[in-house]
Amino acid sequence: MSEIYYTEDHEWILVEGDIGTCGISEFAQEQLGDIVYVELPEPGKVVAQNDELAVVESVKAASEIYAPVSGEITESNDELVDEPGKINEDAMGDGWFFKIRISDAKELEDLLDKAAYEALIAGQR
Amino acid sequence: MSKPIETSSGHRGLDLAEPLIFELDGPGRCGVDLPEPDAVTNRLGGLERQAAIGLPGLSEPQVVRHFVRLSRNNFAIDAGLYPLGSCTMKHNPRLNEKVARLPGFADLHPMQPMETVQGALELIDTLAEWLCALTGMSAIAMSPAAGAHGELCGLMCIRAALEAKGDARQVVLVPTSAHGTNPATAAICGYRIEEIPADDRGRVDLAALKEKLGPHVAAIMLTNPNTCGLFETQIVEIAEAVHAAGAYFYCDGANFNAIVGKVRPGDLGIDCMHLNLHKTFSTPHGGGGPGSGPVVLAEALAPYAPLPMVVRGADGLELVEHKSEALGTAASFGRLKGFHGQMGMFVRALAFILSHGADGLRQVSEDAVLNANYVLARLQDLLTLSFPGPCMHEALFDDRFLQGTGVSTLDFAKAMIDEGFHPMTMYFPLVVSGAMLIEPTESESKDSLDQFIATMRHLAERARQGDAGYFAGAPHLAPYRRLNETQAARQPVLRWRPAVQEAAE
């Protein structure tokens, strides 16, 4: 059973057991335009919710990616380093950024579900 | 559009296609005829060059043509309107150039004995006095090489002043509309950056700022007028709040052109601010020359200013290069730059100041603001203005007027190139969507603004009429068509390699 949540800063986290896979939303990808560079966290890094964790740079702007929840990074999608275009092609799938072992599942309650996130971006489109 | 005509030479009329200089290499060709050097004893201990370094061989006429041909692809303020917002691309008066070429200035060497450069030191001192008077500040550091270097200088003064009190603090506050160099500077100085949001008027949200202030905050970095082209109307309250928290107020002076002779930043409670001589004071930039970013300082920060510094000694003017109790420079944070600053730019800036006079400088800012508001007023019915006017020296539009047309800000800018205009600043500031930031400067006549406005109106209407294909293909008439920015960023080719060598690698 997997569950997807979003942050107001346009990150998503797909939760399977105690592991969350994180990336940026389709909307964020569209807004950024062609992505040309990403900086990913090292596996083993321990972070608190809302810590700055990754950087994404497009032809238009650079943005920080924040940890949707606290935990330990278990894996980073290193393929993005050579092929940042994957984020544009498949933001919600192959364009994932990192996986995190969630230390406090309660923090997921601070996040938005799909419907709430869609309502948020409807106002920004 | 009709199909472009192909030529057999690759040249297009008198617009000549030009390869890279390395591709023009003719082995053995040389522009000068030098005698064979005498044999010398090598004293480099095995570190001497082992092979040719691969400079291309060309004759003098080939070199001249190469660079002249390339220069014809340039667009410059000398060629046309250049409305790059936040860059103040104003005319570079020829008088400045004439003065800078006087042998007494042009042939100076930074290592000359002090008594032979009294005139140059006096020029630096006179310019310093003018800049302090215009800003209402008590001291100035002349050596910073450009705007961001000036920011670094300012924050290093602030850090030195805080350290002298025993607490350098941790955080620098930066509004969301700031120039990217502001947070970069703060990070380089070891500070953590916290952003302050803008309010719905495009100004700093004072309540949000007050919430962020505290004993951990070292400084705020604020541009005024800000990058939305708006005057920060609550600047005095901002300064008071910042000072009450024991922090310093850094002002990014990039947009000083809007307020010269009108507002003295010192009167607003600003502690330090850089001045872009290459913007406000008309020295060439954008590939035309080095920048220059002197930093004016309030009394509290003056003791920490970097060296060297011109001071008036018993035997005339003196360039103090080492900390000295006697000359009052013992607390200086040290040296920021080799030698003394951008002398050639000092000469040009002072020529600009003296040829305008105080009244002329005031008119410069008045005309710059008037021109921007003329553009704003003539475009606001067709383009979408981000914040209600009047504006200061630049007008900020966003891409709401393009919504549903399939045309992006980038496409629109590329179509401007076909019409003979350098595009405005795009996608900056980040606080609005698809920003178009237009700064005409005082240099443009009404005729020239009218032409620009007519073109902008034509393009806006064309976008609305559903001609997205035309925009997607622009520029159609530039020497090079749409460049692939994404590929250039993802796979930059930073070095030319000979074809043979490249194949071998």
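**Reading the model**

Tutor: Start with one residue: A:Tyr117 is buried, because 20 other C-beta atoms lie within 10 Å. Keep in mind throughout that this is a predicted model.

Student: Where does A:Tyr117 sit, and which residues does A:Tyr117 touch beyond its neighbours within four places in sequence?

Tutor: A:Tyr117 belongs to helix H4 of chain A, residues 114–122. With the neighbours within four places in sequence left aside, A:Tyr117 is in contact with A:Tyr6 and A:Leu112. As for A:Glu83, 34 residues away along the chain, its C-alpha atom is separated from that of A:Tyr117 by 27 Å.

Student: How do I describe two helices that pack together?

Tutor: In general, the description uses the angle between the two axes and the distance between those axes. Here, helix H4 (residues 118–135) of chain B packs with helix H9 (residues 343–379) of chain B. Their angle is about 55°, and their axes are 10 Å apart. H4(B) is therefore oblique to H9(B). The crossing of H4(B) past H9(B) is left-handed.

Student: Which residues of H4(B) and H9(B) meet?

Tutor: On the side of H4(B) they are B:Ala120, B:Leu123, B:Ile124, B:Thr126, B:Leu127 and B:Trp130. On the side of H9(B) they are B:Met343, B:Phe346, B:Val347, B:Ala349, B:Leu350 and B:Ile353. By class, this contact of H4(B) with H9(B) has 11 nonpolar residues, 1 polar and no charged.

Student: What about sheets?

Tutor: The strands of a sheet pair through backbone hydrogen bonds, in a parallel or an antiparallel way. In chain B, 4 strands make an open sheet with antiparallel pairing, in the order E10-E11-E13-E12. Strands E10 (384–385) and E12 (425–426) of chain B stand at the edges, each with a single partner strand, so one side of each has no neighbour in the sheet.

Student: How many bridges join E12(B) and E13(B)?

Tutor: There are 2 bridges between E12(B) and E13(B), which covers residues 436–438, and the two strands pair in the antiparallel sense. B:Met426 stands opposite B:Met436 in E13(B).

Student: Which helix lies across strands of this sheet?

Tutor: H9(B) does: it lies across E10, E11 (395–398) and E13 of chain B, and runs at about 30° to E11(B).

Student: Last, how many residues of chain A and chain B are in contact?

Tutor: In chain A, 6 residues are in contact with 6 residues of chain B. The side of chain A that touches chain B has 4 nonpolar residues, no polar and 2 charged.

Terms used:
Residues numbered from 1 in each chain as written. Chains lettered and ligands numbered in written order. Predicted model: local features only at pLDDT ≥ 70, side-chain atom pairs only at ≥ 80, totals over all residues. Pairing = 2+ DSSP bridges. Contact = placed C-beta atoms within 7 Å. Axes fitted to C-alpha atoms, helices over the stretch in contact; angles between N-to-C directions. Parallel < 35°, antiparallel > 145°, perpendicular 65-115°, else oblique. Left-handed = near helix turned anticlockwise from the far one by under 90°. Nonpolar A, V, L, I, M, F, W, Y, C, P; charged D, E, K, R; others polar. Buried ≥ 20, exposed ≤ 12 C-beta atoms within 10 Å, placed from the backbone.
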